[in-house]
Amino acid sequence: MRKSLMIILSVFAVFVLLSSCSTRLPYEEAGLTGEVVAKDYEVLGPVYVSGSNHNILGIIGWGGIGYNDLLAEARKLYPETDAVINVTKDVKTFNVLLFYNSFGFDLSGLAIRYVDNADNHSVNLDVSIAE
């Protein structure tokens with residue numbers, strides 16, 4: 001009895017380790033934020049993409065969608081796009097026990113074009129000569 005209990009607990013522990021999930025830090029804590037002043041860019045318009053990621057037993061996977069797909073769609077709609085900001089992600093999940101998992105992703109954001117105004121940059125040079 002004791003031996004079978006140890007085997008069941010060992011199998012359960014291996015199962016828990018193989019089926020664990022990971023957690024990501026918020027973007028701000030991961031150092032992925034930047035300061036962009038509103039006058040440094042022009043909003044071109046909204047952009048939206050949708051896709052899904054599938055896997056079997058967490059080993060065999062296919063599909064997926066990410067920021068690069070959102071940027072590519074923005075460049076199709078607005079050829080002068082430099083970046084996409086205010087990105088939001090909606091996730092829909094479906095699974096059959098632990099055998100099959102499907103994650104549907106809807107990404108949306110704002111396509112922007114950076115504005116380079118030479119008159120906005122001021123340079124303060126001290127050219128006095130010490131005598």
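Analyst: Asn 101 is part of strand β4 (residues 100-114), where strands are DSSP runs of E with at least two residues and helices are runs of H or I with at least four, numbered from the N terminus. This is a predicted model, in which local features need pLDDT of at least 70, side-chain atom pairs count only at pLDDT 80 or more, and totals for chains, interfaces and linings use all residues. Residues are numbered from 1 along each chain as its sequence is written, and side-chain values use heavy atoms, without hydrogens and water.

User: Why is Asn 101 called buried?

Analyst: Buried means under 20% relative accessible area, exposed means over 50%, and partly exposed lies in between (1.4 Å probe, protein chains only). Asn 101 has a relative accessible area of 15%, so Asn 101 is buried.

User: Which residues is Asn 101 in contact with, leaving aside its neighbours within four places in sequence?

Analyst: They are Asn 53, His 54, Asn 55, Phe 94 and Asn 95. Contact means heavy atoms within 4.5 Å.

User: Is Leu 57 buried or exposed, and how do you know?

Analyst: Leu 57 has 54% relative accessibility and therefore counts as exposed. Leu 57 sits in the loop between β1 (41-56) and β2 (60-63).

User: How much of the chain counts as buried?

Analyst: Of its 131 residues, 17% do.
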